[in-house]
Amino acid sequence: MKKLKLIAMMVTVAVSVFAFAGCGSKSVVNSQDSSKKETVTLKLWGAVPPEYGPQEVVDNFNKEFKDKGIQIEYTRFVNDEQGNLKLDTGLLAGGDLDLYMSYGMDTLSKRASGKMAMDLTSFIKKDKFDMAKNFGDVIKNYNIDGKTYAVPETLTNSGILINKNMFDAAGIKVPTSWTYDEFRAIAKKLTKGEGQDKTYGMFFNTAQQANYAASFIGSALGGDPYYKEGGKESNFDNNAFEKNLQLTSDMMNVDKSAVSHIDTVTQKLTIEGLFLSGKTAMSLGVWSTRSIKDTTKYPHTFMTAYAPFPTVDKQPAKYTVGGLGDYLSINPKSKYTQQAWDFIKWYSEKGSLPMAKYGRVPSSKNVDKAAVLKASTEGAEKLLDTKSFNNIMVKSYTNYGISTITNKSAEISKVFNEECESVLTKQKTTRQAMQSAKERADTLLKQ
Amino acid sequence: MRKLVKIKVKKLNKKLITKIIVTIIIWCLAITMIIPFLWMISASFKISGDVLKIPIKWIPNYFYIDNYKFVWNIGNIAPRDYHFALAYFNSIKITSINVFFSVMTSCLAGYAFAKINFRGSKVVFLLYLATMMIPSQVTLIPKFIIFDKMGIIGSHWTLILPGVVTVTGTFLMRQFFIGVPNDLREAAQIDGAGEFRTFLQIILPLSKPAMASLAMIVFMWNWNNFMDPLVFLRDWRTFTIPVALTNFGDENITDYNLVMAASVSALLPVILVFLAGQKYFIKGLTSGGVKG
Amino acid sequence: MKISKQLRTDITGYLFIGPNIIVFLLFTIIPIIFSLVISFSNWDYTQGFSNINFNKGMNYINMWKDEWFTKSLINTIVYSVSLVPITIFIALIISVLVDKYVIGKAPVKLALFMPYISNIVAISIVWVVMYSPYGPITQLFKSMGIKNPPQWLGDPHWSLLAIIIMSIWAGIGYAVLIYTSAIQSLPQELYEAAQLDGASGFQQFTKITIPLLSPTTFFLITTTLIGSFQVFGQIYIMTKGGPGTSTHVLVYYIYTSAFTFFKMGYAASMSWILFIILFVVTLVQWKFQDKWVNY
């Protein structure tokens, strides 16, 4: 009798537990359109936190398209390996994801060749959506195998962040062009103090990626610096690498005007932490606009100015590092591809302006540059130097280096990162490191 | 007579002294073990700038509870609600189900592998043992494919279905049951009891300490599991604590004070469970569990 | 109909393991078979499930020429061989001491166990700070008069040691928990008899406790070894395999191959090599256990 009771109890518990489990796990489903004008909700995935622009964009769209029956729900994913894995598995699984952003041509090509991004050519033709008119002639460089798999929504640029107050105090003008030597001398001049009170001249942010130590090579080598023409051989024997790496290493280890790599790694230093607290006069990271504007989290009163990357010598840079980014694609498995395309059109033509408030400059030519500048500096007139901001961030250039080769890009990046790190931690000389990088990369490309 | 008493007292004193010395050493060790946590708690009450200041102030001059308010979004001061409360509920639900069932299945199977001489048992067990050596990253994508075909991606079933069985737990219980002497079992069988009855009424009560340990270990694994929910769950309404914590950390990684506040929040239930489990340990022993 | 006793035993046995083995087959064995199959291909999962090109085991040959793989293997072996004996030895001593001598067992056990029950993300972050130049460990060294304490996670020569120390700290609690629950089940009368015979505490430890705990020790060596070969969380958060490749371990490389380089086939083949290593080691231990494990 006792045994039966025990079994009965166990069964009841088991059943109730499973029932309980069942009711909590309802999957969130798109509202299906049963009748003609039912509202459909599309899911849009992006890596920018919603409060830095996307939510406002989505709200604007939802208001405007309410009676057209299309609504958007924004989900943020973190743009790292795990986050992209989540996005990729979502795309592979099925139709629960309609629109999404890819950050980087290599990521986009992977998704294109994996049939995870829809070929938009037919939509473009049908609506006579003139890509060149909207984004400039460069747009054709962003096609893969001649087809358009995404619409790039942001203009990305690069440069050096400058603490203008420190420059003014030292009588240095914000440069519009400078050489490695001039850059190095300025950094040295602005380095003061010792220990925890030290102010540095430059911060290279190498903890995030060691190859930030070689950020300037893009100006000389363009969008595919690691590859020779054709992508079958690596380019690490080009002495642009050595020169840039040597500059960074000397600034860190000889002049001690740049924060050393070891310090950056062991203290997990960040651009926001260092630059915005006034501990360094210059820094990489012109994408930090939203942090600059956030004075609650990063209280500061100095003005930030912008300068382009320095060049090896007086000759002007061959390329501008930057281009079109934030690639917006449609999931081919989506049930609402037409509505998704409607969103893309709206966004490209006028909807992306709110993103400018937090530093993401819309790529579309339809968006008025003056409005972009205004939105970017809005509320931060004392914190952002309008002239140089416009020059570096808002202006669009014609000589962008565009990345087209993606052979084994992830592996080669890793090789390059490791070799950079070995130079910065004084394990190898720049020559040894680049020789080793060339050997390893060439082996990878031959596989 | 007196001499004997004197010797006995001397011996007792010696034992007491040893006890005290060892206690002190172990307590020092224990405190060293928890220094990182003390740092964690102390950091969770500081403002961002003070976290890394030296010399280290273990007990801050102030208690900045805004960090916790931020994490739990009390008063809506955070830019975004991370829904920790909901994540708590999800974690508790999934973990309890998994603990309950996996302890059951581990005991049943562990006992069978240890004591019941069925054909193929050694081979099957070796198979179990073998699979322990495969890292979980490898089965992630295949599991994903299976779940996708079953149509359960995004639901808690992806965590519950595989979670009701644990290979390590089965191994543990087998080792334990091997250590239980056979005479009890034989006596019960002579009395005519079936295998299941023997198991339920005689063996199981004996294994309460082992079951309690297993329950706690499985609780930890499930509570802290972050790879599976990260990949299999999509909607924030289904998230468990580690995913919420990881999301939180990713966005606020530079603010150690906030990350520590979130971590302390995630840690609390686990500590409470352990403390409660401790009591069960003792109870299990004194209620005629261990053969003494 | 007379069912043979053996058959009846078999049926009972399989009923007992029934639910366990069904889930095991579905969610462990089948995924594993799948991974074995693709380990003979160079499948890139973003290409979809129809693009599997079999390359007849080339993965297994190529990996030995891959310096990332060989370095990871060496690092992992060094890590394991250091971690396992130290953790188990310390845990055994602590468990016995705590059980016998310590006043206030519960809080002590909680303290020892706390690292194990915490989220690996949180404790990894805490240890990053601990190892930083302004953290407690460096401060401690400085206060002891050492002028240039190691840079720990920033120095390729010290980084693996730093991870090992942190992992020992994190793993002791598990071993202590297992040992203490086993110790609580040990028959008291053996000790009482030994005490009457005049055996000292140390003798009781070596002649009674260690042999009686040998099944538990075997379990712990096996699981800790398997676990240590699969170290991942702390590497991912604290060093990402660096500086250079000094803390690059096997599972981290498997993860990178699968989710950064998208080489699922290659990642699967490396996991199988890992499996073979662990399998051989465990098998050897299994055979040897007759020599020293008492049941």
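What follows is one connected answer.

Author: This is a predicted model, in which local features need pLDDT of at least 70, side-chain atom pairs count only at pLDDT 80 or more, and totals for chains, interfaces and linings use all residues. Residues are numbered from 1 along each chain as its sequence is written, chains are lettered from A and ligands numbered from 1 in the order in which they are written, and side-chain values use heavy atoms, leaving out hydrogens and water.

Start with the chains. Chain A has 19 helices and ten strands. Helices here are DSSP runs of H or I with at least four residues, strands are E runs of at least two, and both are numbered from the N terminus. Chain B has 13 helices and zero strands. Chain C also comes to 13 helices and zero strands.

Burial comes next. Of the 447 residues in chain A, 57% are buried. Buried means under 20% relative accessible area, exposed means over 50%, and partly exposed lies in between, with a 1.4 Å probe and protein chains only. In chain B, 57% of 292 residues are buried. In chain C, 60% of 295 residues are.

Then the extents. The C-alpha atoms of chain A fill a box of roughly 80 × 70 × 50 Å along the principal axes. The C-alpha trace of chain C spans about 85 × 70 × 30 Å.

Now the helix pairs. Two packed helices are described by the angle between their axes and the distance between the axes. Axes are lines fitted to C-alpha atoms, for helices over the stretch in contact, and angles run from 0 to 180 degrees between N-to-C directions.

Take chains B and C. Helix α4 (residues 121-131) of chain B meets helix α13 (residues 264-292) of chain C, with axes that come within 9 Å and cross at roughly 130 degrees. The two are therefore oblique to each other. Angles under 35 degrees count as roughly parallel, over 145 as roughly antiparallel, 65 to 115 as roughly perpendicular, and the rest as oblique. The crossing of α4(B) past α13(C) is right-handed. From α4(B), the residues in contact are F125(B), L129(B) and A130(B), and from α13(C) they are F275(C), F279(C), T282(C) and W286(C). Six of these residues are nonpolar, one is polar and none is charged. Contact means heavy atoms within 4.5 Å. Nonpolar covers Ala, Val, Leu, Ile, Met, Phe, Trp, Tyr, Cys and Pro; charged covers Asp, Glu, Lys and Arg; the others, Gly among them, are polar.

Helix α7 (residues 167-179) of chain B packs on helix α10 (residues 214-229) of chain C at about 165 degrees, with axes 10 Å apart. That makes α7(B) roughly antiparallel to α10(C). Here too α7(B) passes α10(C) in a right-handed crossing. T168(B), F171(B), L172(B) and Q175(B) face P215(C), F218(C), F219(C), T222(C) and T223(C) in this contact. By class, the contact has five nonpolar, four polar and no charged residues.

Chain A has a pair of its own. Helix α2 (residues 54-64) and helix α14 (residues 337-351) have axes that come within 12 Å and cross at roughly 115 degrees. The two are therefore roughly perpendicular. This crossing is right-handed. V57(A), N60(A), F61(A) and E64(A) come from α2(A), while F343(A), W346(A), Y347(A), K350(A) and G351(A) come from α14(A). The count is five nonpolar, two polar and two charged residues.

One residue links to this pair. I70(A) touches F61(A) and N62(A), among others including Q339(A) and D342(A), leaving out residues up to four places away in sequence. I70(A) lies in strand β2 (residues 70-76) of chain A. It is buried, with a relative accessible area of 4%.

Finally, the cores. A nonpolar core is a set of buried Ala, Val, Leu, Ile, Met, Phe, Trp, Tyr and Cys residues joined through side-chain atoms within 4.5 Å. The largest core has 248 residues, and I160(A), F183(A), M202(A), M282(A) and F199(B) touch the most other members. Helix α7 (residues 159-184) of chain C gives the most to this core, with 17 residues. A second, separate core of 83 residues includes Y52(A), Y200(A), I344(A) and Y347(A). Y347(A) also takes part in the contact of α2(A) with α14(A).

Key: Left-handed = near helix turned anticlockwise from the far one by under 90°.
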